[in-house]
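Subject: Structure for your review

Dear colleague,

Please find below the structure that I am handing over to you.

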Amino acid sequence: MLSANPRSAAPAPDTTAPAPEIAGATPFAAGELLVAFAPALEASLPADLARLVGAELVESYPRSGIHRVRIRDGDVRAAARRLRASGLVRFAEPNYRFRLAGLIPNDPGYADQADYWDLVGAPDAWEFTTGSRSVVVAMLDGAVDLDHPDLAANIWTNPGEIPDNGIDDDGNGFVDDLHGYDFVGAFPGSGGGRLGEDGDPDAKPGDPALGDGLDQDGDGKADGAVGHGTLVAGILAAVGNNGLGAAGAAWQLSVMPLRITDPEGNGFFSSFVRGLEYAVANDADIVNISLASPFLPESARLAVETALDAGLIIVVAAGNGGLNVDFPAAIPGVVAVGTHGALDDPDARALFSPRNAGVDFVAPGIDVYSTDVAPLTGAPTYGVGTGTSFSAPFVTGAIALILATSPTATPADVLALLQEGAVDLPDADAPNWDGAGRVHLGRTLAALLARPPAAPIIDGVDVTDARIIVSGRAVPGSAVRISDGGAEEPPLGVVTAAPDGTFALELARRALPETVAVLSLVAVAETSAGPSPPSTPLPFALPRTVPLQPGWNLVAWAGVTGPGHEALAALPPRVTRVFAWDGAHWEIAVPASPVLTISQIHTGQGLWLFVEGAAPVEWQQTRAEFAAVALAPGWRLVAWAGARTDVAGAVAATDADIRAVFAWDAAAGRFRSFRAALPLAPGGPPGTLSRLGHLDAVWVVVGERGGNWPALEPAAP
């Protein structure tokens, strides 16, 4: 059975086992750089600036050899990079803004928090970021007061769920899970009752989560863990600077409450497994588990490993036994958090915190002031908590700030940053008890901003006839460069990532060459710290719209080779007949008929289509990669997959003995032809064929010598 670490009014353990972005302002003076040239080059400064970055000298500071310059146009960061790459400067950087150090919130209860928030460098971290509601933290814990005025704005909302309609609207297997889920239901704790579930993890008046005033588990505390989840949530995400109560590590966050313990602080591993699966299925980024057990069933271990494999970062309280790290904190891959000593001795180990190896970080955990809820009545209040339960959300909050600043950071990136920012503590009586040291939010965020940004992630591509929209995630405020074929290619476009790290770049289809069939998109993010590594390439096929005239049309199949019924299913409804020639015989299909169909349609195959009615229609296909078509002697019906190209040049480029090429002019209702033996100049007599259109199909008459038809995107004239 899992146990929560309940709050306590005394410092005793639980009884159960480089440059900040400034809100509302650009981070540097528009168009300005600060530059220091190599001493030997000072005399040529104006000429070098004009030549390299098109800049003019504004003023100089002779004692330090620094010059303030203004670029005439373009990107300040790009100009700084060009100067640095020239080898002519000692440094070149934007003219950054600064502010007084430390962002101190106006919450009246902050006076009860200031000492430990200062200890972990939170005010310095808040100068960089106060979080983002795009970061989702699942809390496997007790009930949470969802309506607490210091928490309500930061409670996760399921976007696909309609409240209180008794329906699983988003199809995730849970009914009315608007703000998380309750895997305990009306179960009062040890001493009777049956485990249940409902869609409301709230601790509110009349809910069994507030307890019944009885001591079901016989630990001497009636409903001793009613406020546990609310206390943990407040340390993690109480809204800061709102003139109210307390401040959490992240003032903006989406907390997903998953109730898995009863009012006494106990729970079953079936709820633990269900809660982790919910977190994975509903796209949580981090899981905070302020629970501990002296053992762990294989079922729970597998659930943790599955969540880790899915990319979740799991932070767990190390337990309060004073010796070994408890489970699930002891599972490899999770982040185990212990507690250091009281604020008058923060380099020491709290007596209840594990002393043996296995703790990854330590954080405050004695008399931590936070949001609370009153037993039985459900009134929102504030209280204190002691135990590693209340240390874990400090580390979870630090990770939330990292992901708010760098949404694409990997779990390995996050762990390295936490280690780099942590304050090393003396081993004292317990070697290695503190793992990587005491978590420090300010140093961690400073280390993050000093590094090149993490690689962006391209989440998807939306394509229509006129435009392509590329969407993804990157460092908030970074300039995201989208290229085809690699990060060094000329960019297709540049877009600035939003404050939540998302971006969407719209590209015009007409800006792409007609021959482009497949784009392999790569994104790079630019910040003041430099360019990121390139994203993982995302290849996708571009659909092509083929115009079809009333009557007969001779067109190409541009998709992948496969069963004919799949290609025919994508035809417009007014296409009523399809003919295919494989070089030996005809196949006939009626798209609506399950009997008359074509067994297989090949990439680059030509098709005859008949369109009913008097108006043209369009057929949108997703193009596959084309290869050259092998031509045997005789009549062949094949695709022209290149751009509009001179037919005589195409015939001359093939090694086959091509006697003639015939293309069907659907608008005129007749063939146009090209005869290799009697080449006709472009603009020749009516009926002659001089140029082919992209995805036209043609009849090719091959003489005695076969060869390859150059269907692989020849150079445009």
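A salt bridge here is a side-chain nitrogen of Lys or Arg within 4 Å of a carboxyl oxygen of Asp or Glu. By that criterion, the structure, which is a predicted model, holds 14 salt bridges.

Salt bridges

I begin with the pair Asp182 and Arg259, whose closest N and O atoms are 3.0 Å apart.

The relative accessible area of Glu526 is 9%, and that of Arg481 is 19%. Because buried means under 20% relative accessible area, Glu526 counts as buried, and Arg481 does as well.

Salt bridges that share partners also join Glu32, Glu59, Arg68 and Arg70 into one network. Within this group, the side chains of Arg68 and Glu59 meet at 3.0 Å, N to O. Glu59 is partly exposed, at a relative accessible area of 33%.

Helices

Two packed helices are described by the angle between their axes and the distance between the axes. For helix α8 (residues 392-405) and helix α9 (residues 411-421), the angle is about 115 degrees and the axes are 11 Å apart. The crossing of these helices, α8 and α9, is right-handed. On the side of α8, the contact is made by Val395, Ala398, Ile399, Ile402 and Leu403; α9 contributes Val414, Leu417 and Leu418. Sorted by class, the contact of α8 with α9 has eight nonpolar residues, no polar residues and no charged residues.

How many residues of helix α5 (residues 228-237) are buried? Ten of its ten residues are, and the helix is described as mostly covered. The buried residues of α5 are His228, Gly229, Thr230, Leu231, Val232, Ala233, Gly234, Ile235, Leu236 and Ala237.

An open sheet

Three strands, in the order β17-β18-β21, form an open sheet with antiparallel pairing. Its edge strands are β17 (457-463) and β21 (502-508), each of which pairs on one side only. From one strand to the next, the twist averages 20 degrees. Strand β18 (residues 467-473) is joined to β21 by seven bridges, and these two strands run antiparallel. In this pairing, Ser471 stands opposite Ala504 in β21.

A histidine in a loop

Finally, I would draw your attention to His340, which is found in the loop between β13 (335-339) and β14 (361-363). Is His340 buried or exposed? His340 counts as buried because its relative accessibility is 1%. Leaving aside residues up to four places away in sequence, His340 touches Leu119, Pro346, Ala348, Arg349, Ala350, Val362, Ala363, Pro364, Ile366, Trp433 and Arg438.

With kind regards

Terms used:
Residues numbered from 1 in each chain as written. Predicted model: local features only at pLDDT ≥ 70, side-chain atom pairs only at ≥ 80, totals over all residues. Heavy atoms only, no water. Buried < 20%, exposed > 50% of the residue type's maximum accessible area, 1.4 Å probe, protein only. Helix = DSSP H or I, 4+ residues; strand = E, 2+ residues; numbered from the N terminus. Pairing = 2+ DSSP bridges. Axes fitted to C-alpha atoms, helices over the stretch in contact; angles between N-to-C directions. Left-handed = near helix turned anticlockwise from the far one by under 90°. Contact = heavy atoms within 4.5 Å. Nonpolar A, V, L, I, M, F, W, Y, C, P; charged D, E, K, R; others polar.
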